[in-house]
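Reader: Can you walk me through this structure? I'm new to it.
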Amino acid sequence: MENRRPKSAAQWVWGLVLAVVAVGLWAAWLGWDQHRDVHPDGSTTGPYEAWQVIGLVLTLLVPVSWVAFRGHGVGAVAGVAVGLTASAAYDWSDDASGLFVIGAGMVMVGSFGVSAALVAVITAVRRRGGAVSRL
């Protein structure tokens with residue numbers, strides 16, 4: 001019978017590492033931009049621009065993919081979802097309407113779904129014995 005404890009512990013460690021990475025990347029890409037843009041017609045947008053969110057997603061692809069290639073997909077998915085959700089909840093918590101909870105929930109569902117899909121693809125490639133799995 002195979003002992004699965006070390007792999008389980010590694011999942012927790014990699015999940016924690018990716019949560020910290022996700023918080024750091026949120027701060028780097030989105031944390032500094034807190035002001036809405038007011039247009040000449042009086043409408044507002046923001047506080048984030050599309051390039052900031054795209055940058056966050058693209059830079060998260062690297063560590064999530066690396067951890068998933070190492071065989072720690074559960075940690076990758078959980079870490080990203082927890083890190084981004086905590087960042088969003090903290091960043092948006094000054095909203096007096098309380099709707100930040102819905103936004104943070106949407107970040108949680110979206111980050112969980114996208115990272116789970118990425119990990120599923122990477123796991124399938126690893127199991128097929130592709131060249132990438134030999135890294």
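Author: Here is a quick tour, from the overall fold to single residues.
Author: This is a predicted model, so to speak of its sources: local features need pLDDT of at least 70, side-chain atom pairs count only at pLDDT 80 or more, and totals for chains, interfaces and linings use all residues. Residues are numbered from 1 along each chain as its sequence is written, and side-chain values use heavy atoms, with hydrogens and water left out.

Reader: Which pattern does the chain follow along the sequence?
Author: The order is α-β-β-α-α-α. That gives four helices and two strands. Helices (H or I, at least four residues) and strands (E, at least two) are DSSP runs, numbered from the N terminus.

Reader: What does the C-alpha trace span along its principal axes?
Author: About 65 × 30 × 20 Å.

Reader: How much of the chain counts as buried?
Author: Of its 135 residues, 32% do. Buried means under 20% relative accessible area, exposed over 50%, and partly exposed in between (1.4 Å probe, protein chains only).

Reader: And what does the accessible surface come to?
Author: About 8700 Å², with 69% of that belonging to carbon and sulfur atoms. Accessible areas come from the Shrake-Rupley method with a 1.4 Å probe; for residues, only the protein chains shown count as cover.

Reader: Which residues make the nonpolar surface patch?
Author: V53, I54, V57, L58 and L61 make it, and the patch is about 410 Å². Patch residues have over 30% relative accessible area and no salt bridge; like charges are joined within 9 Å, nonpolar side chains (Val, Leu, Ile, Met, Phe, Trp, Tyr) within 5 Å. A salt bridge is a side-chain nitrogen of Lys or Arg within 4 Å of a carboxyl oxygen of Asp or Glu.

Reader: Where is V53?
Author: In helix α2, residues 50-69. V53 counts as partly exposed because its relative accessibility is 38%. L61 is also placed in α2. L61 is partly exposed, at 34%.

Reader: New topic. What volume does the largest pocket have?
Author: About 360 Å³. On a 1 Å grid over the protein atoms alone, a pocket is an open set of points with protein on both sides within 12 Å along at least five of seven lines, where a 1.4 Å probe fits; a cavity is a set where that probe fits but cannot get out, and lining residues have an atom within 4 Å of a point. Grid points are joined across faces, edges and corners, and a volume is the space filled by probe spheres set on the points.

Reader: How many residues line the largest pocket?
Author: There are 18, and L56, V57, L60, L84 and S111 lie nearest its centre. Two or more lining residues come from each of α1 (5-31), α2, α3 and α4 (100-128). The largest share, seven residues, is from α4.

Reader: Is A76 buried or exposed?
Author: A76 is buried, because its relative accessibility is 0%. A76 lies in helix α3. Leaving out residues up to four places away in sequence, A76 touches L18, V64, V67 and V119. Contact means heavy atoms within 4.5 Å.

Reader: And T85, buried or exposed?
Author: T85 is buried, at 16% relative accessible area. T85 sits in α3, residues 73-92. Beyond its neighbours within four places in sequence, T85 is in contact with A104, V107, M108 and S111.

Reader: Last one. Where does S93 lie?
Author: In the loop between α3 and α4. S93 is partly exposed, at 40%.
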